[in-house]
Amino acid sequence: MSATELRPGEPILHVENLHVTYQGRSRKTKPVLAVDGVSFDVHPGEVLALVGESGCGKTSIARAVMRLLEPSAGKIVLNGTDITRLGHRALRPIRAGIQMVFQDPYESLDPRQTVFDLVAEPLSIHRRLRERGERRAAVLRALERAGLHPAEEIARRYPHHLSGGQRQRVAIAAAMVLEPSLIVADEPVSMLDVSLRAGILRLMLDLREQRDLAYLFITHDLSLAWVVADRIAVVYLGRIVEIGPPAEVIGSPKHPYTKALVSVIPVPEAGAAAEQIVLVGETPSARAIPAGCRFHPRCWKYEELGRPDVCRTRDPSLAGDIHDAACHFLLDQDGAVAATAVPTTPQGDPA
Ligand SMILES: Nc1ncnc2c1ncn2[C@@H]1O[C@H](COP(=O)(O)OP(=O)(O)O)[C@@H](O)[C@H]1O
Ligand code: SF4
Ligand SMILES: [Mg+2]
């Protein structure tokens with residue numbers, strides 16, 4: 001099914017209360033709550049960036065959305081079909097509409113296959129264009145579109161003949177050959193030389209313009225998200241803590257975690273941050289998520305407010321309209337508390 005068959009306003013991808021749990025090796029090891037209740041939509045032609053530190057659950061979200069791993073709870077609706085529990089046979093035709101580009105172009109391409117075979121493989125899996133001439137034309141076209149010239153010659157090569165940037169272009173060609181409506185890109189430029197990054201990003205954004213493609217774009221780099229995304233979702237310890245348009249999330253963060261991230265990145269358009277906010281301590285383990293607000297052990301606002309009980313006792317949910325954040329004390333532009341989502345009593349109970 002293509003995006004055009006969606007009802008007006010219906011997202012290409014709808015993710016609801018997604019959970020991903022990794023069981024420990026033995027019964028004594030606690031499970032890892034890598035994704036702990038994540039919800040978001042991606043609309044046709046939209047770029048949604050998931051941003052967060054290493055280990056916050058970005059790759060687990062991507063792999064669950066692709067059904068490369070089984071979510072422990074939640075719902076994934078792709079192009080109007082609930083795929084959460086679909087068997088592999090029923091999943092296959094729907095999966096053709098969503099493709100993935102991985103972080104490491106050295107690992108993600110099978111070294112024994114030629115570029116031609118790598119790009120043709122999705123066509124074989126999905127039994128498309130079985131006539132040889134048609135298939136060949138589609139592969140060469142995909143390589144051309146991915147900026148790999150001359151396509152005929154590149155098609156004969158093996159991955160070890162290619163640079164990192166060329167490999168990532170091959171991966172993008174392979175992702176595009178089925179004409180998907182959504183690409184899940186997991187840190188697609190973070191393993192590339194800085195000099196090659198802009199070219200790959202430009203290619204991805206051009207393809208989006210030409211084909212009304214949507215992206216779930218995963219990155220640990222907030223300034224990169226600012227450049228590519230229509231909306232940014234900030235992830236902390238398996239949860240989205242803030243989501244909205246870049247101008248809002250970066251220009252006027254509501255969550256103390258986002259505020260701290262923004263304060264240390266050079267984003268001129270966001271206005272110079274008054275001062276850098278250095279977060280104390282390490283991100284806690286996803287095996288032992290703090291009670292109440294999971295950010296409280298590192299939250300500068302919590303300290304500033306005199307450690308209110310509510311932060312330790314109540315888990316804040318996302319609140320807002322087009323710009324949402326999960327904090328009991330949402331910030332305004334100056335970092336002051338703008339709104340109290342839950343009126344608090346000294347015991348931390350809702351008043
Ligand atoms: N296969 C796995 N087994 C156990 N724990 C895992 C596995 N993969 C990831 N994790 C853990 O899940 C959490 C989220 O990891 P991941 O989704 O890779 O985050 P990110 O992509 O944001 O770096 C981390 O605590 C990580 O250590
Ligand atoms: S709820 Fe409290 S601890 Fe959590 S981010 Fe807001 S102020 Fe900080
Ligand atoms: Mg990752």
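The following dialogue explains how several descriptions of this predicted model are reached.

Visitor: Why is alanine 120 called buried?

Guide: The relative accessible area of alanine 120 is 5%. Buried means under 20%, so alanine 120 is buried. This residue belongs to helix 3 (residues 115-125).

Visitor: What does alanine 120 touch, leaving aside residues up to four places away in sequence?

Guide: Alanine 120 touches Arg135 and Val139. Contact here means heavy atoms within 4.5 Å.

Visitor: How do you know whether leucine 205 is buried or exposed?

Guide: Leucine 205 has a relative accessibility of 17%. Because that value is under 20%, leucine 205 counts as buried. Leucine 205 lies in helix 7, and its C-alpha atom is 7.7 Å from that of valine 228, a residue 23 places away in sequence.

Visitor: Why is aspartate 212 called partly exposed?

Guide: Its relative accessibility is 49%. Buried requires a value under 20% and exposed a value over 50%, with partly exposed in between; aspartate 212 therefore counts as partly exposed. Aspartate 212 is found in the loop between helix 7 and strand 8 (214-219).

Visitor: What is noted about the phi of aspartate 212?

Guide: The phi of aspartate 212 is near 55°, a positive value in a residue other than glycine. Glutamate 187, likewise not a glycine, has a positive phi of about 50°. Glutamate 187 is placed in the loop between strand 7 (182-186) and helix 7 (194-211). With a relative accessible area of 10%, which is under 20%, glutamate 187 is therefore buried.

Visitor: What makes helix 1 (residues 58-65) largely enclosed by the rest of the structure?

Guide: Six of the eight residues of helix 1 are buried, so this helix is largely enclosed. The buried residues are Lys58, Ser60, Ile61, Ala62, Ala64 and Val65. After helix 1 comes arginine 67, with a positive phi near 60°.

Visitor: Which residues of helix 2 (residues 88-95) are buried?

Guide: They are Leu91, Ile94 and Arg95. Viewed down the axis of helix 2, these buried residues fall within an arc of 95°, so they line one face of the helix. An α-helix has 3.6 residues a turn, so residues three or four places apart point the same way.

Visitor: What lies on either side of helix 2?

Guide: The buried residues of helix 2 pack against strand 4 (73-78), strand 5 (81-82) and strand 6 (98-101). The face turned away from the buried side carries the exposed residues Arg89 and Pro93.

Visitor: What kind of peptide bond joins histidine 149 to proline 150?

Guide: That peptide bond is cis, with omega near -15°. Proline 150 is in the loop between helix 4 (132-145) and helix 5 (151-156).

Visitor: Where does ligand 2 sit, and which residues surround ligand 2?

Guide: Ligand 2 sits in the largest cavity. To be said to sit there, a molecule must have more than half of its atoms within 2 Å of the cavity's grid points. The residues surrounding ligand 2 are His255, Pro256, Cys293, Phe295, His296, Cys299, Tyr302, Cys311, Cys327, His328 and Phe329.

Visitor: How many residues of each class does the shell around ligand 2 have?

Guide: The shell has eight nonpolar, three polar and no charged residues.

Key
Residues are numbered from 1 along each chain as its sequence is written. Chains are lettered from A and ligands numbered from 1 in the order in which they are written. This is a predicted model: local features need pLDDT of at least 70, side-chain atom pairs count only at pLDDT 80 or more; totals for chains, interfaces and linings use all residues. Side-chain values use heavy atoms; hydrogens and water are left out. Buried means under 20% relative accessible area, exposed over 50%, partly exposed in between (1.4 Å probe, protein chains only). Helices (H or I, at least four residues) and strands (E, at least two) are DSSP runs, numbered from the N terminus. The arc is that of the directions from the helix axis to the C-beta atoms. A residue is near a molecule or strand if one of its heavy atoms lies within 4 Å of it. On a 1 Å grid over the protein atoms alone, a cavity is a set of points where a 1.4 Å probe fits but cannot get out, and a pocket is an open set with protein on both sides within 12 Å along at least five of seven lines; lining residues have an atom within 4 Å of a point. Ala, Val, Leu, Ile, Met, Phe, Trp, Tyr, Cys and Pro count as nonpolar, Asp, Glu, Lys and Arg as charged, and the others, Gly among them, as polar.
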